[in-house]
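Here is a friendly briefing to read with the model open beside you. Please have a look at the fold before moving on to the notes.

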Amino acid sequence: MPHVPIPPPPPFTRRHFLASAAALAAAAITHPARAADAPTFSLATFKADVTPPLGHALMGGGIAPAAKVIDPLEARGFILLSTDAAMKPIVVVAIDWCEIRNDAYERWREVLAEATGTDKQHVLVMAIHQHDAPIADLTAQRMLEEAKARGSICDLKFHEEAVQRVAKAAKESLRSPRRITHLGTGQAEVKEIASNRRYLDDDGKPRYDRFSATRDASIRARPEGDVDPFLKTLSFFDGDKPVLALSAYATHPMSYYGRGGISGDFVGMARSQREKDEPGVFQMYVSGCSGNVTAGKYNDGSTENRAVLADKLHDAMKRAAEATKRSPLTQVKLRLTPMKLKPREGEGFSTEHLQNRLKHDRTPFGQCLAALGLSWRMHAEKESHAIDVPAIDFGAACFLLMPAESYVEFQLAAQKLRPKDFVLVAGYGECGPGYIPIERAWRENDGNLSDWCWVAPGAEKVMMEAMEKVLKQVSAKAQG
């Protein structure tokens, strides 16, 4: 898809920041019910096209490259602002890409932070994880180019153009923030989409071969397994008027894929349907912790089933909106804890094995996998490297971002840590680690860990401790 150059917006100067602050102060004056010193909030929304050009690698070179555009890919986000001078702008952006990893992930955070007048710790970036979409890992791509490998992960020039395009849209959105007075929380049970990769066969033995598209009817007939059945929607209101709705559901967001057709898949279709339902409400969607959850029980991979899954998800999004309860927005706090995950060792995953594979693997995708593994090791082994686990505290509601392909059990555990509160969990933040399984998956020889998992066993304990730390910080604040 050709990209038409977008002219840069006029400079966003200190005068514009002061004007925004003045507008917020005026809003506070016109609402005397608020305490004189209570902060007021506003929200700016932005979106930009991030569709790769034809011929670009999809899913990191693991499937056919882009041959056509079924529907364009977007980055959609918002910026939370406050009259409280101590609160830095908080940026949340969800991108219709498969993964954003390592230095590519940091590039997104740094550029968006600069564009919006905040720091990178206040920038929450997540991929939605459609597979007919790019993976971004700049170090891995440079390794492939230096090795003159046949494999390709991402086009470096296109990546930078996409980052800058989104940053310009974010910066421009700050000219016209919307006042936010209330927070909305709603959820609805999703019918017949998610199922765990894990199921028990006739002998009671665990198996992990229920994929996004599962054509074996006997496998689809097995029970759903461990899933989070609820779609959650976090909304922002100006009075009784909804401004933004962010929906989250834990499943791999694919129906059929791998044929070269760029697409936001059924989750992108459902998001578009909701936008048509309520044209004045900015719609966002994020994928929850779903490394081990797919639509496999309810999806045979037929092209017709994409629309069926989209309709089911759209129905849940609509019901969650109808069930939404509003409450005054009185606080916005970002909590963050750093977390270190160890690189995986052993046959096929040590630096030596990966370097050898990069040079000598006969398949282009094998070379890509080696480069992705080496890129993760290079970053994870730095003493200063850590993955940020952030949570935005709204009081009785919380938005938590977890890294990579975290298994759904982490999302369920996060909700148990705050049983009385509304906890919306997004996955696919820093995607460098690949699959992040619970320990049971290692014991049961989960086949999905054979190539797309670059973390060592023991990650479950580290992940649980990080979630507990950040959510307890939030909980303590919410309870005063």
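The notes below go through the sheets, the helices, the core and the cysteines.

This is a predicted model, in which local features need pLDDT of at least 70 and side-chain atom pairs count only at pLDDT 80 or more, while totals for chains, interfaces and linings use all residues. Residues are numbered from 1 along each chain as its sequence is written, and side-chain values use heavy atoms, with hydrogens and water left out.

- An open sheet of five strands runs in the order β6-β4-β3-β1-β8, with mixed pairing; strands here are DSSP runs (E, at least two residues), as are helices (H or I, at least four), numbered from the N terminus.
- Two strands count as paired if DSSP finds at least two bridges between them.
- At the edges stand β6 (123-127) and β8 (178-180), each pairing on one side only.
- On average, neighbouring strands of this sheet are turned by 20° against each other, direction ignored; axes are lines fitted to C-alpha atoms (for helices over the stretch in contact), and angles run from 0 to 180 degrees between N-to-C directions.
- Six bridges link β3 (residues 74-82) and β4 (residues 90-95) in the antiparallel sense, and arginine 76 has alanine 94 in β4 as its bridge partner.
- Helix α4 (residues 156-173) packs on this sheet, where it touches β1 (41-49) and β3, and its direction makes about 150° with that of β1.

- β13 and β14 form a hairpin with two residues between them, and glycine 239 in the turn has a positive phi of about 65°.
- Glutamine 283 lies in β16 (residues 282-287) and is buried, with a relative accessible area of 1%.
- Not counting residues up to four places away in sequence, glutamine 283 touches Arg76, Ala245, Arg271, Arg274, Glu275 and Glu278; contact means heavy atoms within 4.5 Å.
- Phenylalanine 237 lies in β13 (residues 230-238) and counts as buried at 8% relative accessibility.
- Beyond its neighbours within four places in sequence, phenylalanine 237 has contacts that include Arg179, Ile180, His182, Pro242 and Arg326.

**The four-stranded sheet**

- Four strands form an open sheet of mixed pairing in the order β19-β20-β21-β23.
- β19 (333-339) and β23 (422-426) are at the edges with a single partner strand each, so one side of each is left without a neighbour in the sheet.
- β20 (residues 387-393) and β21 (residues 397-401) pair in the antiparallel sense over three bridges, and alanine 391 stands opposite leucine 400 in β21.

**Helices α8 and α9**

- The axes of α8 (residues 351-360) and α9 come within 8 Å and cross at roughly 145°.
- Among the residues making this contact are Leu354 and Leu358 of α8, and Leu369, Ala370 and Leu374 of α9.

**The nonpolar core**

- The largest nonpolar core holds 143 residues, of which Trp97, Trp108, Phe236, Leu313, Phe394, Phe399 and Leu400 touch the most other members; such a core is a set of buried Ala, Val, Leu, Ile, Met, Phe, Trp, Tyr and Cys residues joined through side-chain atoms within 4.5 Å.
- Helix α9 (residues 364-380) supplies the largest share of this core, eight residues.
- Leaving aside neighbours within four places in sequence, phenylalanine 399 is in contact with residues including Val92, Leu124, Leu246, Phe394 and Leu424.

**Cysteines**

- The count of disulfides is zero, where a disulfide is a pair of cysteine sulfur atoms within 2.5 Å.
- The sulfur of cysteine 368 is 9.6 Å from the closest cysteine sulfur, in cysteine 154, too far for a bond; cysteine 368 is buried, with a relative accessible area of 1%.
- For cysteine 398, the nearest cysteine sulfur is that of cysteine 289, 12 Å away, and cysteine 398 counts as buried at 0% relative accessibility.

Key:
Buried means under 20% relative accessible area, exposed over 50%, partly exposed in between (1.4 Å probe, protein chains only).
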